[in-house]
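Here are my notes for someone opening this structure for the first time.

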Amino acid sequence: MTVLDPQTLGENPLIEGLERLPVPATTLTIFGVTGDLSHRKLLPALYNLAHEGALPERFNLIGVARREMPEDEFRAMAKDAIRKFSRREPDPTVLDGLLSRMHYVGFSFDDQPGYGKLRELIERLDADGGKLNRAYYLSTAPEYFPVIVEALREAGLNYDDDVDVRCVIEKPFGTDLESALELQRVVEHVFREQQVYRIDHYLGKETVQNVMAFRFANFMFEPVWNRNYIEHIQITAAEDIGIGSRAGYYDSSGALRDLVQNHMLQLLTLVCMEPPASFEADKVRDEKVKVLDSITPPTPEEVYRNTVRAQYTAGHEGGEEVHGYLEEEGVPDDSRTETYAALRLEVHNWRWAGVPIFLRTGKRLARKVTEIAVQLKPVPHLAFQSHGSVGVQPNQLVLTMQPNEGVSLSLGAKIPGSSMRIRPVNMEFLYGSAFMSQSPEAYERLILDAMRGEATLFTRSDEVIAQWSIIDPILKAWAADDQPLHTYASGSGGPAAADELIAPHRWRGL
Amino acid sequence: MPDDVWREEDTTPAAVEAALRRMFTERHKEERAYVPARVMNMVVIVDREFRGEILNRLRRVGRFHPSRLVLVAVEPGRQRLAATARIGTEDAPKSGSIAVGLERVELLVGERHLTKLDTIVDPLVVSDLATMVWSPHGHQEGVDALRRLAQIVLIDSLDEPDVEAALARADDLSSDTYVVDLAWLRSTPWRERVAASFDAPQRRKDLGKISAVTVRHREDSRAAALLFCGWLGSRLGWEPGAMAHAHGGWRGHARTRKQDIKLTLEPVDQNPPGLAGVTIELASGQAMSLDRAPGGLCARRRERDGTERSWIVMGASRGEGGILGEGVRQALLRDPTYRPALKSAAAMVG
């Protein structure tokens, strides 16, 4: 086969001005296709991409799961999932078109002959018009990630001379530093790093990407974006619901693994990173890794001083009485899994030295909100001391990811009247009012990017290892600590110990 | 919560603007979650008798609607201004979320007001937001009057029966405003698919070997077909030649240093406006074509040895409501390829 060098050919002149860039012909194999993530997110995302004409001309989906199932049954199952969870009403013709490209192979993930069947199917689909790129999406329980990756290599499915082969790996990438390193050893033995796309779906969210746009497309914030002007930063990911039916997963995971190690550290890196030279995948990820490397892994003593973990107890959610965590179905009576975690971290570099960064996340809190609040230092001299007002408050910049996506800046303003009384007012930008268009689901963007080989919004191996290097000492220190866990009432703002952690500052109200 | 409405006969722009401000303050007092949309102003000039039809079209644009709509209804012989202003919300606000407000002003004007329409509309648009003008029933003098304050003009080159005049008008508007042409937007899926067909490295070199392009279009959509050919020509560096009417369609050539490219426009029967199909042939005998089909576009590829394959490229039709919504959305983006395509298309009819 003649290999053509795209460099000599140059860019495709026809893509200039197009919003939707071409996606190479691909056979996408989803392992764990009968699972919850596939039903709720992946299959609906694929439908919406098909609806918008964003899937490549030649596209096939192969579903893999443990149980045997006729292809018709799989298609019926996929149809139900899409109808139930798609963000738009499916167009029957497009849906039928997509279903007709869906295939199914049932085998246990550790059953090597099953991969032979998968290979046969992939090659049969190639026969209809030439080889297609291969993308494997690992949406299974994490213990199967190394099993599947190894088996793909055994079956010779991990590399092809003629087409691109990519492997998308869902979170969690490991459950601690050791397991992440072990998984990485397996993955790098089978795939080159450029072939691996580790998902953190937060990065696919428009509002998360907007953190970078906000910082690097607006010159006015850069001069104050440092230790000289910023007093502290709060990153919050609060949920108002409990663990629902996920006791099995959640009790072995906890808040720290579930949200802090991945999503919240991603937000931290986006807030603290230096401007990349360009928006290329490795340039962006280099800067993110530098931030993570600048956070010294805490000692046991620092863990004790700078972290809080807690469990929710009975309380109220939406006016209704709700159980505490230990009374939830499937949770062991003696569980010490945290449903709330608060951390104080510091980025030890020239820009951020001395600026505390507080992270908190929890289930069954007063309100659902994900936000980054940047608290600036107070003005150096207070000229306005009039009584009868709350006075001059430090400026606060809040980037809200959900539910009211936007940016808010608090400013001091004069209260109308004869005396110089000041109160804070908000200057707000709201996504919902400034862009009336509906944002695509994070998974739509990420699936397309993976098929296109665009890795900017995926986590690189050194990045995920750097994340675990920060979190692992906390996990170990917590495991060794037999003191009773802090608690907080369901529907409250969190445990009192978290208020002590942030003192003399205060958490933003939920 | 119902819309707040204010009406006045024999009014002035200043009175309308004051009423809007007052209604906003009142609304915000009653509904703290109320937030005015701040995307763009849209000024629409219509014949009074067809205003309902245009309002219906605007309702179908979904979430892509402008934040402040100024509908200028032209009533023959009218001497004095009349206005209705209303503010409301798109959806009932959910608990804990914002209620995005929409503002609509309807002005009743006479023809005599059109040449000075800028002095009437200027106080009514939200400052610092982009302003788009759309005039689906003609009234070009009204559009020209607003060019001073508008950054974007929405047109549909298919509305003008004289294709040469349509392209010339679009070119003239492009000189000082950003033109969003619905005829161009209808061809977006076609352009995307053609770009994708030549995107693989082994296919990209074929772009230099194109020998013939045939565009099938609805009878009244020749402007869309020309814009498509203009797009290919401008992107690939072709020198366009004039097309001539022949065999019920239009034929002509474009030139490169190496070869001539045969261009053919074929009118066909179809319901939706715009393109019906595209065939691109290479000197080697290879060809690719796209045609409308249920659930997307039917793609066909003929290889050098004569073997043919076909498949469906999935995609749902946006419908005309969706196209207008896309036009509103595109107003805030910039497509650098439209104007060169327009110039190239104009050379093909000129």
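1. Start where the two chains meet: chain B puts 47 residues into the contact and chain A puts in 40. Keep in mind that this is a predicted model. The area buried between chain B and chain A comes to about 3,700 Å², and carbon and sulfur atoms account for 61% of that.

2. Next, look at the polar side of that interface. There are 14 residue pairs in polar contact between chain B and chain A, counting pairs with both residues at pLDDT 80 or more. The number of salt bridges across the interface is 3. One that you can pick out by name is Arg329(B) with Glu19(A), where the closest N and O atoms sit 2.5 Å apart.

3. Which elements of chain B give two or more residues to the side that touches chain A? Strands E2 (34–36), E6 (99–109) and E18 (308–314) do, along with helices H7 (188–197), H8 (201–204), H9 (222–236) and H10 (319–330). H7(B) gives the most, with 7 residues. By residue type, this side of chain B splits into 25 nonpolar, 9 polar and 13 charged.

4. Now stay inside chain B and find helix H5 (residues 163–174) and helix H11 (residues 338–349). These two pack at an angle of about 145°, and their axes are 10 Å apart. The crossing of H5(B) and H11(B) is left-handed. On the H5(B) side the contact is made by Val163(B), Glu164(B), Leu167(B), Ala170(B), Asp171(B) and Ser174(B). H11(B) answers with residues including Tyr338(B), Arg339(B), Leu342(B) and Lys343(B). Taken together, the residues of this contact are 8 nonpolar, 1 polar and 4 charged.

5. Over in chain A, have a look at two prolines. Lys171(A) and Pro172(A) are joined by a cis peptide bond, with omega about 5°. You'll find Pro172(A) in the loop between strand E5 (165–169) and helix H7 (177–190) of chain A. The peptide bond from Ala503(A) to Pro504(A) is cis too, with omega near 15°. Pro504(A) belongs to the segment after helix H15 (496–502) of chain A.

6. To find Arg364(A), go to the loop between strand E12 (356–362) and strand E13 (369–376) of chain A.

Technical notes: Residues are numbered from 1 along each chain as its sequence is written. Chains are lettered from A and ligands numbered from 1 in the order in which they are written. This is a predicted model: local features need pLDDT of at least 70, side-chain atom pairs count only at pLDDT 80 or more; totals for chains, interfaces and linings use all residues. Side-chain values use heavy atoms; hydrogens and water are left out. Axes are lines fitted to C-alpha atoms, for helices over the stretch in contact, and angles run from 0 to 180 degrees between N-to-C directions. Helices (H or I, at least four residues) and strands (E, at least two) are DSSP runs, numbered from the N terminus. A crossing is left-handed if the near helix is turned anticlockwise from the far one by less than a right angle, and right-handed if clockwise. Contact means heavy atoms within 4.5 Å. Ala, Val, Leu, Ile, Met, Phe, Trp, Tyr, Cys and Pro count as nonpolar, Asp, Glu, Lys and Arg as charged, and the others, Gly among them, as polar. Buried area is the accessible area (1.4 Å probe) that two parts lose on being put together, summed over both. A salt bridge is a side-chain nitrogen of Lys or Arg within 4 Å of a carboxyl oxygen of Asp or Glu. A polar contact is a pair of N or O atoms within 3.5 Å; within protein, one must be able to donate a hydrogen and the other to accept it, and residues adjacent in sequence count only if both atoms are side-chain atoms.
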